[in-house]
Amino acid sequence: MTGEELRDRGILAVDANTPEDWKEIADQVIGWLARNGAEFTAEDVRPWIPEPPHPNAMGARFSAAVKAGVITHLCYRKAKRAKAHARVLAVYRGAEVI
């Protein structure tokens, strides 16, 4: 298997084990931010939703939004939250805005 295949398999496994109600809330917030037209990251979604049930659940929802054509990846930047330890985050914008 390639690295991409292993990544995709992991994303599917996390998403399959994430509660539907959490996914719906995350998707609604991602969609709202996408329609807003500004650039955003997972840090911008976090205040609006419950804590993710798995550390990779948020990434799985962003991946789903990209595949659905809701958002487009722009670049990367360091996280602002101290708890994130300056981790690199993907930056997105609504696909219809670009």
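Me: How far apart are the end C-alpha atoms of helix 2 (residues 20-36), and which span should its 17 residues have?
Reply: This is a predicted model, in which local features need pLDDT of at least 70, side-chain atom pairs count only at pLDDT 80 or more, and totals for chains, interfaces and linings use all residues. Residues are numbered from 1 along each chain as its sequence is written, and side-chain values use heavy atoms, with hydrogens and water left out. Helices (H or I, at least four residues) and strands (E, at least two) are DSSP runs, numbered from the N terminus, and the expected span of a helix is 1.5 Å times one less than its number of residues. Helix 2 should therefore span 24 Å, and the distance between its end C-alpha atoms agrees, at 24 Å.

Me: Against which elements do the buried residues of helix 2 pack?
Reply: Buried means under 20% relative accessible area, exposed over 50%, and partly exposed in between (1.4 Å probe, protein chains only). The buried residues of helix 2 include Trp-22, Ile-30 and Leu-33. Their packing partners are helix 1 (3-16), helix 3 (42-45), helix 4 (57-67), strand 1 and strand 2.

Me: Is Phe-40 buried or exposed?
Reply: Phe-40 lies in the loop between helix 2 and helix 3. Contact means heavy atoms within 4.5 Å, and, not counting residues up to four places away in sequence, Phe-40 touches residues including Ile-30, Leu-33, Phe-62 and Gly-94. Phe-40 and Gly-94 are 54 residues apart in sequence, with 9.1 Å between their C-alpha atoms. Because its relative accessibility is 2%, Phe-40 counts as buried.

Me: How many bridges join strand 1 (residues 71-78) to strand 2?
Reply: Two strands pair if DSSP finds at least two bridges between them. Strand 1 and strand 2 run antiparallel, and Tyr-76 stands opposite Ala-90 in strand 2. Strand 2 (residues 88-94) is mostly covered, with five of its seven residues buried. The number of bridges joining the two strands is seven.

Me: Is His-85 buried or exposed?
Reply: His-85 is placed in the loop between strand 1 and strand 2. Its phi is near 55°, a positive value in a residue other than glycine. Most residues other than glycine have a negative phi. Because its relative accessibility is 68%, His-85 counts as exposed.
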